[in-house]
Amino acid sequence: MNAPDRYERFVVPEGTKKVSYERDTKIINAASFTIEREDHTIGNILRMQLHRDDNVLFAGYKLPHPLQYKIIVRVHTTSQSSPMQAYNQAINDLDKELDHLRNAFETEMAKHSRDY
Amino acid sequence: MEGGGGASYQRFPVVKVRETKDDYLKFELRGTDASVANALRRVMIAEVPTIAIDLVEIEVNSSVLNDEFIAHRLGLVPLTSDRAMSMRFSRDCDACDGDGQCEFCSVEFHLRAKCMTDQTLDVTSKDLISSDHTVVPVDFSDALADDSAEQKGITIVKLRRGQELRLRAIARKGIGKDHAKWSPAATVTFMYEPEIHINEDLVETLSLEEKQSWVESSPTKVFDINPNTEQVLVVDPEAYTYDEEVIKKAEAMGKPGLVEIYAKEDSFIFTVESTGAIKASQLVLNAIDVLKQKLDAVRLSEDTVEADDQFGELGAHMRGG
């Protein structure tokens, strides 16, 4: 009867931003990214990719509540970088990794269909 | 402005396909971490789109199953969905103002069946007549043993003499997150590749019976004994389920360190089984594409960056003044 629509889990409501950015008021080079309608799939790969960055001092994500369809990614970097720079770099690197993975998978499948 | 600069922390994963069938795929993924492997698994299950029946208008139903029961069963029938990636979601289709009944976002099906004999009539997925030849109920006939004279589809309902079923159904594009009927995956799993080291010197201090009982302590057949040399061998490392029974057994026998087993943290073995809606290999490719689209969607927008630049100046004033 009063169940929320199923699509609310993955459709960003109109007038809402997909990603919002908030600087930490007390710590320099620390910030939180609130990502609407995303979950562990994006949260965890972003977190792990941020951990590979030497300039990232802290990176973590949380899903505040299972019925609030958003995640919060918190990043703290050294003065050599900034949370925004680290965040963009992480997305770019993951994107390139997936490009590479797609090519690797396609060549491997082509090889397999030729062999058998 | 930002996004460039700094060293790249990109990885270059390596793939090795082991076995491939239309609805089954086994491959190795190396040179990445569990977060990427798990993201791929999650996307394959819940976010790769397929087509499934979503709206059913029943004209006549005098079968023993009620209307909603039949509508639910129809929804679960897998439909060939090679077109799904390029199709539109009904909710953002502008050709039909969201009523979701146009050629760009939907496929129509008809079903008419009436039992006229004393023999029970099986209404199956084969009785569903599609308006689009690229979107039809999945045909499993080659997967089954084809010695039976007639190939059957998926049973929807059984009719006895005089009972009738007549309906119109609309199939739409959707994802598993919305409803499991849209999930193209039957199962997707991955495991860490195990690395097993037997301490040969310690094994040689065991008698043949002791070796036998140690080998048999593993619930799955990971080890065996060479009947000629009486040496303990690893026959199938991937059969190991990380149960640690062999490690406990070695300790109980007073021989700790008989075997050391590690999980290689950057090496995964994937098993993908598809419902037949899309090929297993295509499912992996679609999952990579969907994951890329998702990453693209979480990039910072231009106005967010600008707003922060202003904030930065303001902050500098506040700090400086």
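Student: OK, how many salt bridges are there across the interface of chain A and chain B?
Tutor: The rule finds nine across that interface; a salt bridge here is a side-chain nitrogen of Lys or Arg within 4 Å of a carboxyl oxygen of Asp or Glu. Over all chains, the structure holds 37. Before we go on: this is a predicted model, where local features need pLDDT of at least 70, side-chain atom pairs count only at pLDDT 80 or more, and totals for chains, interfaces and linings use all residues. Residues are numbered from 1 along each chain as its sequence is written, chains are lettered from A and ligands numbered from 1 in the order written, and side-chain values use heavy atoms, with hydrogens and water left out.

Student: Which residue of chain A does R11(B) form a salt bridge with?
Tutor: That's E97(A), with the closest N and O atoms 3.2 Å apart.

Student: And what does R6(A) pair with?
Tutor: R6(A) meets D178(B) in a salt bridge, 2.6 Å from N to O. R6(A) is in the segment before β1 of chain A and D178(B) is in the loop between β8 and β9 (185-198) of chain B, so this pair joins two chains.

Student: How many residues does each chain put into the contact?
Tutor: Chain A gives 47 residues and chain B gives 56, where contact means heavy atoms within 4.5 Å. The area buried between them is about 5,200 Å², with carbon and sulfur atoms giving 59% of it. Buried area is the accessible area (1.4 Å probe) that two parts lose on being put together, summed over both.

Student: Which residues in chain A lose the most area to chain B?
Tutor: F10(A), E97(A) and F105(A), together 13% of what that side buries.

Student: What about polar contacts across the interface, how many residue pairs?
Tutor: There are 23, both residues at pLDDT 80 or more. A polar contact is a pair of N or O atoms within 3.5 Å; within protein, one must be able to donate a hydrogen and the other to accept it, and residues adjacent in sequence count only if both atoms are side-chain atoms.

Student: Which element gives the most to chain A's side?
Tutor: α2(A), with 23 residues. Helices (H or I, at least four residues) and strands (E, at least two) are DSSP runs, numbered from the N terminus.

Student: Switching topic: where does UniProt list the coiled-coil region?
Tutor: Its unreviewed entry lists residues 84-111 of chain A, though such annotations may be inferred rather than shown by experiment. In the model that span is 100% helix and 0% strand, and its end C-alpha atoms lie 41 Å apart.

Student: Now chain B. What order do the strands of the open sheet come in?
Tutor: Four strands, β3-β8-β4-β6, with antiparallel pairing. β3 (50-61) and β6 (129-130) stand at the edges with a single partner strand each, so one side of each is left without a neighbour in the sheet. Two strands pair if DSSP finds at least two bridges between them.

Student: How many bridges are there between β3(B) and β8(B)?
Tutor: Ten, and L55(B) has I170(B) as its bridge partner in β8(B).
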